[in-house]
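Here's a quick briefing to read alongside the model. Have the sequence and the 3D view open as you go.

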Amino acid sequence: MIVEDDLALQKQLKWSLDRFESVLADDVNSALLQFRRHTPAVVTMDLGLPPDQDSVTEGFRLLERLIELEPSTKVIVLTGQNDQANALRAIRMGAYDFLAKPVDPDVLSLTVERAFRLHELQQENRRLQMQQHQDALGGVLTRDAQMQRICRTVERVAPSDATVLLLGESGTGKEVLAQGLHNASRRKGRFVAINCAAIPEALLESELFGYEKGAFTGASKTTLGKIETANGGTLMLDEIGDLPMALQAKLLRFLQERSIERLGGRNEIPIDVRVVGATHQDLRALIEQGRFREDLYYRLAEIVIEIPPLRAREGDAVLLSHAFLRRFASEQRRPVQSISDDAVLAIEAHKWPGNVRELQNLMKRASIMADGDRITAEDLGLPVPGSAANTQASLDLRAVREQAERQAVVMAMARADGNMARAAELLGVSRPTLYDLVSRLQIK
């Protein structure tokens with residue numbers, strides 16, 4: 001995109017860049033319109049724009065808006081010969097480069113070509129990163145900003161050997177994130193999960209540490225424990241808050257020494273395993289009650305990730321409902337069903353005490369039991385809410401407006417199952433306006 005109010009210079013720039021596909025703009029409004037419509041990879045722009053060509057105010061306002069709308073766009077600023085201060089200011093704001101007028105066509109063409117090449121490399125790098133992250137965290141589906149931050153934390157932590165503690169209510173997806181943590185790591189071993197609350201205390205030690213032949217009655221052969229099985233990989237200790245005190249001491253020793261002894265054995269076996277603990281309980285409260293070792297907590301809590309419940313994830317309940325419905329239709333070889341408006345309202349209003357697991361089970365049952373091709377609130381067994389309006393604690397008009405816009409856009413995109421044209425129709429705006437909102441509100 002070429003932004004220049006001098007029509008003669010505009011034509012000259014277009015001619016010198018004739019091997020590129022160009023769109024033209026001569027002021028801020030036309031530039032923003034063209035930018036939203038075409039999202040150009042590279043922009044050349046003059047800082048002196050109407051209505052005051054002698055001032056750089058409009059130029060900097062446009063630059064700020066372009067960077068805000070699409071940070072990856074390479075903006076090349078054209079400045080006067082003695083305008084170094086504004087050129088440096090533009091670079092600090094995010095411009096790719098600046099050229100002094102009059103512009104040498106060969107230098108401009110080379111600069112634009114380099115900008116295109118850099119943009120292309122960054123886009124390819126982003127695609128590769130997204131592909132890697134989608135493979136690693138393929139089980140996570142979210143549009144909630146808080147959950148996306150958690151996913152980015154998992155991606156950053158994964159290459160390290162830090163012990164991770166996942167905290168969250170039952171059914172929030174702790175095992176899915178633990179699996180993603182393993183998938184995104186460099187570890188070649190297995191991902192092994194054990195539920196500390198589901199195994200009787202008398203058997204839990206042998207399940208974790210294994211046993212030698214003859215260690216106790218019935219031990220007819222040497223058996224590896226879960227820790228040894230996960231050697232070279234990741235061990236998830238689910239519901240670690242239910243671990244008996246005696247085993248807590250033994251687990252602490254393993255975390256310190258990184259070696260184990262099987263039951264009935266005398267040899268220490270070195271183990272290289274990444275440990276991920278998970279619980280729905282308040283471990284600090286358990287420490288105060290004397291039911292959990294404080295030193296073990298600090299060994300486990302090198303990285304603590306708190307997973308929000310489904311009711312706190314904006315738009316995710318409906319988003320997940322669509323995904324589950326498609327999955328169950330494929331598994332059961334049934335026609336793909338849709339979700340009625342009353343069911344959407346019921347899903348949004350429900351508090352989901354069982355979180356994602358409850359939603360998954362409910363959608364599976366509804367997809368099987370529904371008579372037609374639409375899932376209704378009655379099929380889900382959920383009440384349809386009334387029209388009570390949510391109250392806003394804040395009176396900051398700008399914050400309230402932004403929060404309301406974000407909530408409306410997220411809900412519309414969730415209801416439309418990602419179809420931007422349908423979401424724009426629900427919101428009563430055009431598609432370019434919706435894309436502008438999504439970019440401005442930084443909704444992924």
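Contact here means heavy atoms within 4.5 Å. Keep in mind that this is a predicted model, where local features need pLDDT of at least 70, side-chain atom pairs count only at pLDDT 80 or more, and totals for chains, interfaces and linings use all residues. Residues are numbered from 1 along each chain as its sequence is written, and side-chain values use heavy atoms, with hydrogens and water left out. Helices (H or I, at least four residues) and strands (E, at least two) are DSSP runs, numbered from the N terminus.

**A helix pair**

- Glu405, Val409 and Met413 in α17 meet Leu434, Leu437, Val438 and Arg440 in α19.
- By class, that contact has five nonpolar, no polar and two charged residues (Ala, Val, Leu, Ile, Met, Phe, Trp, Tyr, Cys and Pro count as nonpolar, Asp, Glu, Lys and Arg as charged, and the others, Gly among them, as polar).
- Helix α17 covers residues 397-415 and α19 covers residues 431-440; they pack at about 120 degrees with axes 11 Å apart (axes are lines fitted to C-alpha atoms, for helices over the stretch in contact, and angles run from 0 to 180 degrees between N-to-C directions).
- The two helices, α17 and α19, cross in a left-handed way, which is to say the near helix is turned anticlockwise from the far one by less than a right angle.

- All six of the six residues of β4 (residues 74-79) are buried, so the strand is largely enclosed by the rest of the structure (buried is under 20% relative accessible area, exposed over 50%, partly exposed in between, with a 1.4 Å probe and protein chains only).
- Both faces are covered, with Lys74, Ile76 and Leu78 buried on one side and Val75, Val77 and Thr79 on the other.
- Strand β3 (residues 42-46) runs parallel to β4, joined by five bridges; strands pair if DSSP finds at least two bridges between them.
- Across that pairing, Asp46 sits opposite Leu78 of β4.

**Two buried residues**

- Thr279 belongs to strand β11 (residues 274-279) and counts as buried at 0% relative accessibility.
- A polar atom of the Thr279 side chain lies 3.0 Å from the backbone nitrogen of Gln281.
- Beyond four places in sequence, the contacts of Thr279 include Leu166, Lys174 and Glu239.
- Phe254 sits in helix α10 (residues 245-257) and is buried too, at 0% relative accessible area.
- Leaving out residues up to four places away, Phe254 touches Phe209, Ile227, Ser259, Ile260, Ile271, Val273 and Val275.

Technical notes: Polar contact = N/O pair within 3.5 Å; in protein donor to acceptor, adjacent residues only side chain to side chain.
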